[in-house]
Amino acid sequence: MSFSDMMNIGLMQGFAGLSLFAVLLLMGLGLAIIFGQMGVINMAHGEFMTIGAYTIYLGSTLTAQHAPEFMPYYFPLAIVAAFGFAFVAGWLVEWGLIRHLYKRPLDTLLATWGVSLALQQCFRTFIGPKEVSPTLPDWLMGSWAPAEGLDIPINGLFVLALTVVVTAGVLIALHKSRWGLRVRATVSNRVMANAIGIDTKRTDRLTFAIGCGIAGVAGAAFTTIGSTGPTSGSLYIVDAFLVVTFGGAASLLGTVVSAFGIAQTQSITEFFMAGSMAKVITLSLIVLILMMRPQGLFASKVRR
């Protein structure tokens with residue numbers, strides 16, 4: 001094998017890591033927003049991702065059956081719908097359950113775990129236990145070859161671009177919008193935010209729903225690289241919590257850096273050994289770093 005072939009393989013493996021990075025970052029962004037502001041450990045976050053993935057699948061199926069001429073155009077609209085359905089589901093869960101359990105982290109963990117199991121059963125009952133995949137538009141298929149022997153999947157490029165847009169949108173919203181101002185005030189000092197007239201309960205509800213909506217977008221991205229089943233979200237929930245914990249709670253910059261580091265470490269080690277062993281090495285490195293720096297890579301000082 002020549003040096004150029006090895007370089008091409010290494011670049012393709014690194015790009016595979018970027019695809020994983022995109023899904024982990026979208027999952028981690030929602031968790032970082034929810035846990036950073038509200039202190040809620042949302043064990044059902046993976047199921048909100050699954051809601052987004054099933055939205056893409058149902059959108060693909062309905063379009064193919066009733067309006068096949070719109071198949072090239074349905075995917076962007078389905079991504080917006082994935083955010084919308086996950087947002088509404090998150091709003092209802094916060095209103096019906098989470099708002100009664102604030103400042104009780106163990107109770108919220110158990111309650112959201114129960115929501116996770118209930119949603120998984122709903123997926124099995126109403127959609128089916130088998131894994132499904134949407135029919136992707138033709139423009140998402142194939143690969144881009146910038147050099148001989150180097151093929152980069154177009155769907156991976158799309159997922160990466162989608163992640164950049166969503167991440168930039170979240171950062172702009174947090175620093176330039178009235179919602180972001182309320183969120184930052186609440187994170188900084190909840191009591192003072194209440195005292196100056198900010199409705200922190202409504203801010204919490206909107207923030208929880210937005211975090212769940214971002215998980216729905218992560219599910220939409222996931223459909224381009226894998227099939228969807230009732231338990232698909234639970235496969236990523238541990239990695240998403242690792243991203244948030246390793247990066248530092250309430251730190252979006254830490255979430256980005258952490259997702260990139262975890263995804264690339266796992267992808268590169270998978271090139272040299274089995275996937276399970278690569279996972280063990282990645283987790284071991286994270287544990288060692290957290291032992292030396294328990295607050296994560298980018299700690300935020302938060303007053304409650």
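1. What share of the contacts in the protein with a separation of 6 or more comes from residues 24 or more positions apart? Such residues account for 76% of those contacts, where contact means heavy atoms within 4.5 Å. The structure is a predicted model, in which local features need pLDDT of at least 70 and side-chain atom pairs count only at pLDDT 80 or more, whereas totals for chains, interfaces and linings use all residues. Residues are numbered from 1 along each chain as its sequence is written, and side-chain values use heavy atoms, with hydrogens and water left out.

2. The protein has 11 helices and 2 strands, in the order α-α-α-α-β-β-α-α-α-α-α-α-α from the N terminus; helices (H or I, at least four residues) and strands (E, at least two) are DSSP runs, numbered from the N terminus. Of its 304 residues, 47% count as buried, that is, under 20% relative accessible area, with exposed meaning over 50% and partly exposed in between (1.4 Å probe, protein chains only). The accessible surface comes to about 15,000 Å², and 70% of this belongs to carbon and sulfur atoms; such areas come from the Shrake-Rupley method with a 1.4 Å probe, and for residues only the protein chains shown count as cover.

3. Helix 2 (residues 45–66) and helix 8 pack with their axes 6 Å apart and at an angle of about 50 degrees; axes are lines fitted to C-alpha atoms, for helices over the stretch in contact, and angles run from 0 to 180 degrees between N-to-C directions. The two helices are therefore oblique to each other, given that angles under 35 degrees count as roughly parallel, over 145 as roughly antiparallel, 65 to 115 as roughly perpendicular and the rest as oblique. The contact is made by His45, Phe48, Met49, Gly52, Ala53 and Ile56 of helix 2 together with residues of helix 8, including Gly211, Cys212, Ala215 and Phe222.

4. Ala218 lies in helix 8 and is buried, with a relative accessible area of 0%. Although Ala218 and Leu26 are 192 residues apart in sequence, their C-alpha atoms are 5.2 Å apart in space. Apart from neighbours within four places in sequence, Ala218 is in contact with Val23, Leu26, Met27 and Met49.

5. Thr223 is placed in the loop between helix 8 (200–222) and helix 9 (234–247), and counts as buried because its relative accessibility is 4%. Not counting residues up to four places away in sequence, Thr223 touches Ala53, Ile56, Phe75, Pro134, Leu136 and Thr228.

6. The axes of helix 9 and helix 10 (residues 252–272) come within 8 Å and cross at roughly 125 degrees, so these two helices are oblique to each other. Among the residues making the contact are Leu242 and Phe246 of helix 9 and Ala259 and Ile262 of helix 10, and the contact divides into 5 nonpolar, 4 polar and no charged residues.

Key: Nonpolar A, V, L, I, M, F, W, Y, C, P; charged D, E, K, R; others polar.
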